[in-house]
Amino acid sequence: IVYSPDYNITFMGLEKLHPFDAGKWGKVINFLKEEKLIGDDLIVQAREATDEDLLVVHTRRYLNKLKWSFVVATITEIPPVLFLPNFLVQRKVLKPLRTQTGGTIMAGKLAVDRGWAINVGGGFHHCSSDKGGGFCAYADITLAIKFLFERVPGVSKATIIDLDAHQGNGHERDFMDDQKVYIMDVYNRYIYPGDGFAKRAIKRKVELEWGTEDTEYLQKVHTHVEGALNELKPDIIVYNAGTDILDGDPLGGLAISPQGIVKRDEVVFKAARSRRIPILMVTSGGYQKRTARIIADSILNLHNLGLIDKELVASEAENSKVEKMIRDSVTDLTNLSL
């Protein structure tokens with residue numbers, strides 16, 4: 001389980017101007033600690049992605065744009081950010097997102113090594129190499145996959161299972177013509193982003209109606225996850241586990257119960273683990289205060305079912321070793337790409 005306290009965004013209450021709960025990641029960890037599932041020594045500490053890391057996917061032109069506060073205000077959908085000095089925007093808004101992005105990259109390598117990994121943050125599926133949006137400033141899913149393809153022997157095919165309520169147009173644009181990446185996307189057809197061009201990259205597209213409920217939803221998820229993994233057996237699954245499908249979510253427009261979300265995650269992990277395919281889970285969207293509890297309950301359920309190992313992560317010493325190895329590898333990869 002990958003996390004850092006730096007994930008959480010708090011600055012003069014500005015984060016409350018967006019429906020996203022910008023402190024949900026820490027709440028998930030606190031719930032897991034209360035349930036005695038983890039302690040501080042059983043968490044892999046995420047490291048902030050550097051510019052060099054980000055350039056593996058992002059253009060320099062795009063990263064330079066993020067030095068303008070009005071661009072970040074547009075991407076995060078928090079208009080008052082426009083009036084903040086950019087050094088504050090970098091520190092209080094973008095650093096947490098860069099740290100979550102680093103966490104996704106790390107979790108990709110850990111998933112291959114251990115069979116599974118969960119980044120309690122990440123899942124910025126609206127961001128592509130040269131454009132951000134929808135609260136997504138960095139393309140962490142694309143970065144994790146590119147990193148694995150280029151630096152980890154034996155990883156040459158990936159499947160993205162995107163079950164956030166919104167279409168994952170960022171990674172779709174990045175992998176538009178890449179036959180090594182199979183994308184399955186299940187989303188509300190009527191909401192943001194409605195990116196028709198990006199839809200061309202989806203190999204298995206499931207468009208949902210307003211108010212879709214548990215029975216229909218879980219049947220479609222089960223059928224299409226099995227179908228996707230039978231169609232192509234990947235070397236890694238990146239599972240974008242957005243909780244904005246929850247009934248009452250102000251942006252998702254679906255009607256899935258908390259129990260339905262827990263069952264959904266179980267379906268995906270069972271499919272991956274039964275096939276011995278490494279799986280990386282990121283938490284993505286979710287715009288209600290209760291989503292943190294649901295994410296924690298889902299992780300507890302995966303643990304109780306034996307779908308994630310009882311020995312959750314390595315010792316603190318090994319964590320440090322993994323962090324150094326990944327940091328060195330990312331630096332090497334950047335040098336190669338440049």
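Predicted model: local features only at pLDDT ≥ 70, side-chain atom pairs only at ≥ 80, totals over all residues.
**The Glu226 pair**
- Arg275 counts as buried, at 18% relative accessibility.
- Glu226 belongs to helix H9, while Arg275 sits in the loop between helix H10 (258-274) and strand S8 (279-282), so this pair ties together parts that are 49 residues apart in sequence.

**Other salt bridges**
- The structure holds 18 salt bridges.
- Through shared partners, Arg189, Lys199, Glu207 and Glu209 are joined into one network of salt bridges.
- Arg204 and Glu231 form a salt bridge too, with 2.8 Å between the closest N and O atoms.
- Since Arg204 is in strand S6 (residues 204-208) and Glu231 in helix H9 (residues 214-231), their pairing ties together parts that are 27 residues apart in sequence.
- Arg204 is buried at 17% relative accessibility, whereas Glu231 is exposed at 52%.
- Asp40 and Lys33 meet through their side chains in a salt bridge, at 2.5 Å from N to O.
- Asp40 is exposed, with a relative accessible area of 55%, and Lys33 is partly exposed at 29%.

**The nonpolar core**
- The largest nonpolar core has 113 residues, and Tyr239 and Phe269 have the most contacts inside it.
- Helix H5 (residues 86-114) supplies the largest share of this core, ten residues.
- Setting aside neighbours within four places in sequence, Phe269 touches a list of residues including Trp116, Tyr239, Met281 and Leu302.

Methods
Residues numbered from 1 in each chain as written. Heavy atoms only, no water. Core = buried A, V, L, I, M, F, W, Y, C linked by side-chain atoms within 4.5 Å. Buried < 20%, exposed > 50% of the residue type's maximum accessible area, 1.4 Å probe, protein only. Helix = DSSP H or I, 4+ residues; strand = E, 2+ residues; numbered from the N terminus. Contact = heavy atoms within 4.5 Å. Salt bridge = Lys/Arg side-chain N within 4 Å of Asp/Glu carboxyl O.
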